[in-house]
Each structure stands twice: as C-alpha cells, then as structure tokens.
Amino acid sequence: MKLRELSRMLARAPKGAARWHTYNDFREEARRRLPKMVFDFVEGGAEGELTIAANRSAIDKVDLAPSYLVDVADREVSTTVLGQPVSLPFLLAPAGLATLVHRDGELAAARAAAAAGTVFAVSTGSGYSLEDIAAAAPDGRRWFQLYLWKSPEVVRSLVSRARDAGYEALVLTVDVPVVGKRERDLRNGMSLPPRIRWNSALDTARRLRWLRQLVTGPDITFGSLVELGIGDDASAIGAYVDRELADPSRTWDDLGWLRREWDGPLLIKGVTTVADAEAAVNWGADGVIVSNHGGRQLDSVPGAFAVLPQIAEAVGDRAEVLVDGGCQRGSDVVKARALGAQAAMGGRSWFWGLAVAGEAGVARMLDIYRNDIDRTLALVGRPRFDDIGPDLVAK
C-alpha cells in the first residue's frame with residue numbers, strides 16, 4: 001500500500017470516542033486502561049459468577065420474529081418512563097464509585113444522560129455527592145438509589161437531601177441483606193481507596209493515565225456519605241458502610257415507613273420473583289426493577305430476562321416494570337420491551353464508556369444504544385419503540 005493511500009485511510013478513520021462501536025469495544029479498551037484490580041471490581045460478580053453468565057444467556061435465548069414489507073421509513077425510539085418522556089429507552093443504572101475509573105465520575109455520566117434524554121439513577125455510593133451531581137446536569141432526569149440502612153435517621157437524611165436536590169424518584173435496592181462474596185476483589189486485595197500492593201504494582205504502573213488521575217483527581221470516597229460525620233476518608237466511610245448498610249432484619253413492613261417518608265415515585269430494585277414483585281406493589285411501589293444486582297450478590301439465580309415475562313404479566317398493569325441485567329446492545333433493549341419491560345437499564349456499560357473517554361465515552365455508548373435500537377426497529381418491522389409487544393418474540 002502506498003504511503004499516500006495509507007494517509008488517506010488514516011484521515012478517514014473515526015476520531016475520539018467514535019472509534020468504538022460496541023459495548024465490547026469499550027470494555028476491552030477499558031481493560032487496557034484500568035489496573036486489573038479496578039477492571040475486575042467493575043466486571044466481576046459474586047462467587048463463581050454464574051449469575052453474570054445467566055444474565056447474558058437469558059438475553060441470547062430470546063429470538064425475534066420480524067415482519068417485513070412494513071413502512072419503517074420514519075422511526076421513533078423514544079418512550080415514557082414513569083409517565084414522563086425519555087428520548088432513549090436505556091437508562092443509566094445505579095453503580096457506585098465511578099471516580100474509580102475516571103476523575104469526573106458521576107458528573108460526566110449525569111451530563112451525558114441529560115444530553116441523551118434519558119434517566120440517570122445515582123447510587124448511594126457515588127463518588128460525588130448527590131447535590132454535586134444534580135448541579136452538574138440540572139435539567140436532567142435523576143433518580144436516587146438507596147438502601148434501608150440500620151439507622152432510620154441515615155435513610156431519612158438521604159431521602160430529604162434527594163428531595164431538596166430535585167431527584168424525581170427513589171430506587172430502593174432490596175437484594176443486599178448482606179454483601180455478596182466477590183472473589184475477584186478478594187484475590188486482588190481490592191480496597192477503598194485503592195492501595196497498590198506488591199502483586200499489583202507492575203500492572204498498575206503500566207496504567208499511567210489512570211495513575212495520573214488518581215494522584216491529581218479528587219479523593220476517591222463516598223461523596224453523599226461524607227456528611228454522616230464519620231470523616232471523608234474512603235476507608236473509614238467504607239467500614240461504616242459495611243457495618244451499617246446491610247440490615248438482615250429488614251422486612252416488607254419497612255417499605256411502608258419509607259413510603260410515608262417519600263411521596264414521589266418509588267421503585268424497588270432487586271426483584272426476581274413474582275411474589276416479591278407483588279409484595280412491592282402491594283406496599284405502594286410505583287415500579288419494580290427486575291434485577292439480580294448484576295450478578296454481584298447471590299450466585300446461581302436466573303438471568304433477569306428469564307424471569308421478566310412472568311413478573312411483567314403479574315404486576316405490569318399496576319406498576320412500571322424495568323429490567324437491569326446483561327443488556328449490552330440496542331437489540332437487547334428491544335427484547336426487554338418485547339418481554340414486558342417499559343425500558344432497560346445498565347451499569348457496566350456506562351462505566352466502560354466513562355473509563356475510556358469520560359463524558360464523551362458515556363455519550364458515545366448511549367449513541368451506540370440509540371443507533372442499535374433504531375436499526376433493530378427497522379429490521380423487525382416496528383416503526384416505533386412503543387409498537388413493540390410480545391408478538392415480537394419468536395415462539
């Protein structure tokens with residue numbers, strides 16, 4: 001190949017975040033940029049990681065039944081979530097400590113989500129405070145995720161702050177009575193803040209960009225929990241979280257108390273059975289998020305998409321149903337809708353985009369979902385995302 005031809009090809013090559021075209025493109029680039037202990041913290045799951053595999057397997061088992069010679073010249077990927085419009089039916093699921101992978105963390109994710117016209121569910125364990133995240137994208141739709149801590153005063157304080165900062169809905173995660181055993185983190189000696197140990201020194205030293213951000217960026221801590229008065233050091237707050245977060249004594253009765261504290265939309269995340277979905281709705285939830293915590297809690301449970309249809313059938317006429325578990329492509333979002341979900345969510349995907357290119361990476365990842373959904377609509381013969389129903393699933 002002549003040098004001039006090679007130069008022309010390089011000039012036409014995509015620049016910046018546009019170089020990556022799939023979830024796996026971003027994931028593999030993040031693997032190259034992040035220390036192994038940080039990559040494994042995001043990628044890994046509980047015990048043998050069978051639930052992670054089950055999430056993906058459940059999606060792959062869904063076959064679509066397309067219709068052809070349908071006018072799909074004008075397509076619409078938007079829908080509504082909790083009665084309000086979203087331009088993209090893929091929502092950013094709550095995932096903690098985004099500052100581990102990029103110094104801008106949740107601030108970048110909030111801005112990208114707002115620009116894409118979708119919802120950002122902010123984790124209790126966010127690297128920045130819920131107030132700072134709200135200020136970063138004041139016009140964006142934001143939900144706040146929390147747990148039923150041992151201390152009602154901690155819950156009451158977080159709920160009050162979320163209300164004052166303009167968060168639209170609460171997402172109560174119920175699948176953490178105790179913290180799951182994440183074996184990758186144990187083997188890697190993962191800690192907060194990250195500590196470079198002898199067995200990880202060489203691997204970490206090769207990630208100069210990440211090291212520079214670690215040294216020059218903000219302290220890695222739990223931004224929304226600093227005000228608890230236990231210091232701003234991540235290790236001190238982390239120890240407090242480990243001690244106070246999980247309360248094995250909590251029951252559905254406690255949901256009634258939270259329902260009285262919060263008069264806005266309330267969604268229950270971590271639902272994998274019809275019984276729990278019905279209990280959530282009976283106790284006043286406005287929505288359920290079918291999820292197994294991304295495979296990070298209990299191993300050997302069904303994939304989220306495997307249990308979605310029966311949950312949607314049981315409560316879908318009384319509450320919003322969303323799904324979070326293994327969704328890596330726009331076609332997966334279409335499958336979610338066909339199985340009964342209003343929209344889909346994901347956490348690892350926006351983490352990979354963030355790790356690779358900050359806000360531009362998250363924005364590019366969301367563009368990939370949008371383009372994939374649009375293309376899939378054309379290929380299955382559905383002009384609008386809202387036209388998708390169970391008849392799209394091949395029997």
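Is Pro-85 buried or exposed? In the predicted model, Pro-85 counts as exposed because its relative accessibility is 58%, and the cut-off for that class is over 50%. The residue belongs to strand 2, which covers residues 84–86. Beyond residues up to four places away in sequence, Pro-85 touches Thr-79, Thr-80 and Arg-141. The C-alpha atoms of Pro-85 and Val-119 are 10.0 Å apart, with a separation of 34 residues in sequence.

Asp-299 was examined next. This residue is placed in the loop that connects strand 8 (287–291) with helix 14 (304–315). Asp-299 is buried but takes part in no salt bridge. Arg-348 carries the nearest side chain of opposite charge, at 10.0 Å. Backbone nitrogens are reached instead: the side chain of Asp-299 lies 2.8 Å from that of Leu-50 and 2.8 Å from that of Thr-51.

Two cavities of 30 Å³ or more are present in the structure. The largest cavity holds about 70 Å³ of space. Its lining includes Thr-99, Leu-100, Val-101, His-102 and Arg-103. Trp-210, Gln-213, Leu-214, Gly-217, Pro-218 and Ile-220 also line the largest cavity.

Technical notes. Residues are numbered from 1 along each chain as its sequence is written. This is a predicted model: local features need pLDDT of at least 70, side-chain atom pairs count only at pLDDT 80 or more; totals for chains, interfaces and linings use all residues. Side-chain values use heavy atoms; hydrogens and water are left out. Helices (H or I, at least four residues) and strands (E, at least two) are DSSP runs, numbered from the N terminus. Buried means under 20% relative accessible area, exposed over 50%, partly exposed in between (1.4 Å probe, protein chains only). Lys and Arg count as positive and Asp and Glu as negative; His and the chain ends are not counted. A salt bridge is a side-chain nitrogen of Lys or Arg within 4 Å of a carboxyl oxygen of Asp or Glu. A polar contact is a pair of N or O atoms within 3.5 Å; within protein, one must be able to donate a hydrogen and the other to accept it, and residues adjacent in sequence count only if both atoms are side-chain atoms. On a 1 Å grid over the protein atoms alone, a cavity is a set of points where a 1.4 Å probe fits but cannot get out, and a pocket is an open set with protein on both sides within 12 Å along at least five of seven lines; lining residues have an atom within 4 Å of a point. Grid points are joined across faces, edges and corners, and a volume is the space filled by probe spheres set on the points. Contact means heavy atoms within 4.5 Å.
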